[in-house]
Amino acid sequence: EGMTRPSMRATRALARRGAAPAARASRIAACFAFGAALACAAHVEPRPGAPLVPGDAEGGVAAVAEAQRRAHAAHHAAAGPEPAGAVTRDEEAARASFFTTYRSAAELSAALTAKLATGVCAHCAPLGSLALTAEGRFVSGVMLGTQQGARRDGPEPQLPATPAPLVLITAGVHAREWAAVMGMHYALDRLLELDIMSDDPVARVLASGAVRFAVVPLVNPDGYEHSRNSLPWFRGNRNTSMSGGGACPPVAFETTLGKTGTAPGDWGVDLNRNFDGYGSFGIGGVSGPCDVAQNFPGQQPFDQAETAGIKALIESELAQGTTVLMSIDQHSFGPYILHPYGWCHPWFCPRHPQEERVAEIARRLAAAAQAVAGTAYAPIPSSQLYPVGGALDDWISDVTTRGGRAGIGITVELTDYNTFFPAEGDLLERAGEETLAWLREAILIAGEEASG
């Protein structure tokens, strides 16, 4: 997200680096003006992978596979035999290579499509297209925990009268949060390869069919590509018609390492302000369509294809009688696990009807992520970071509240890198491992919720 509190941390970070006072003040002012102080403070040069725009998914996968094959041919030739049924050393090395380099939306989509096509995952199925974006990209995902994944050592599954409970998992709502996107794809790839016959408790939950997980790993592919290829600090989607389609004056900005440039002032729509939980659309943490803060919420709730697609998915499930247990939306950077509510001032927020349970879930997710590398995630109410209207987590909390059960919307602000663009390699892999850790814990929690 990167607003007021992170900006304070950025000031301290620049001071620790010993920049001359005048230069430091200039850099801070430029960063604050663009709403990206943390990323400026980190002095990280974004190094996106070479854009790959295949003619179709198969062509994209072939290009990725060929690059991986060349990179790991020597390793494969020297390696000994692996146990039958195990993920091979070459496959593990190829995964490390793929997910420790920033990839385009096309590469990520093609790799996921290819993985599903292999049939390696018995408990999952394509989610289908949720939306077609302004630039013609599809928003899609994967459903984990489908009935096809029943364990072969148990009885045949009985189709329930209503669909199994659902958990919504999302990432990439904000364009510049590359680590959140790569981390989610890394974690999803690992989950697709789980052996459903193993004693892994996560595999047992996914194979049981007792709860499903709709995973949308890149909600905003247009914005993500614009951030990768044109304007790193870009935050919204690419529907600039909402701001007049070129009517906003251009603005000067600072990129990285002192480079400057000019960008059109049409920032698109901040998708995490375009929902309407508790009637909060447009009431906090928002800005105008030409404002460099990039928090324009749109003209009305769900007037963007991406948010309308998520809304349609959830409303379709609710219409079938599905219990939506929770949603978890991954952003970067934090490290925080944010829980309801975010739409209200922290002094005046109402108590969540399941406040103790929600706080416990947040603590468990934080502990799981922290166990990877010692990153101290703070589980706090979202409003304590800063109040925000129109966010996904509050909308889920609102719309899935039924009878005596209150909905739960969680936001993960991933890791402590102090930048939207952590360096490729080990740091990016750590983002993936922390994502996998909290996601595994979320699956166990959902299994408990569904059975209790």
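**View 1. Asn418 sits in the loop between β10 and α14.** Helices and strands here are DSSP runs numbered from the N terminus (H or I, at least four residues, for helices; E, at least two, for strands). Asn418 is not a glycine, yet its phi is positive, at about 60 degrees. With a relative accessible area of 19%, Asn418 is buried (under 20% relative accessible area; exposed is over 50%, partly exposed in between, with a 1.4 Å probe and protein chains only). A word on the model: it is predicted, so local features need pLDDT of at least 70 and side-chain atom pairs count only at pLDDT 80 or more, while totals for chains, interfaces and linings use all residues. Residues are numbered from 1 along each chain as its sequence is written, and side-chain values use heavy atoms, leaving out hydrogens and water.

**View 2. Tyr278 also has a positive phi without being a glycine.** The value is near 60 degrees. Tyr278 belongs to the loop between β6 (260-263) and α10, and at 29% relative accessibility it counts as partly exposed.

**View 3. Glu413 is the residue that UniProt lists for "active site".** That comes from an unreviewed entry; UniProt positions follow the numbering used here, feature names are shortened, and annotations may be inferred rather than shown by experiment. Glu413 is in strand β10 (residues 409-413) and is buried, with a relative accessible area of 0%.

**View 4. Two cis peptide bonds: Gly334 to Pro335, and Pro340 to Tyr341.** Omega is about 10 degrees for the bond joining Gly334 and Pro335, and near 5 degrees for the one from Pro340 to Tyr341. Pro335 is in the loop between β7 (324-331) and β8 (336-339); Tyr341 is in the loop between β8 and α11 (355-373).

**View 5. Leu365 in the largest nonpolar core.** Such a core is a set of buried Ala, Val, Leu, Ile, Met, Phe, Trp, Tyr and Cys residues joined through side-chain atoms within 4.5 Å. Helix α14 (residues 426-451) gives the largest share, 8 residues. Beyond its neighbours within four places in sequence, Leu365 is in contact (heavy atoms within 4.5 Å) with residues including Ile328, Ile410, Trp438 and Glu441.

**View 6. Ile310, Lys311, Ile314 and Leu318 of α10 meet Leu392, Trp395, Ile396 and Val399 of α13.** These residues make the contact between the two helices.
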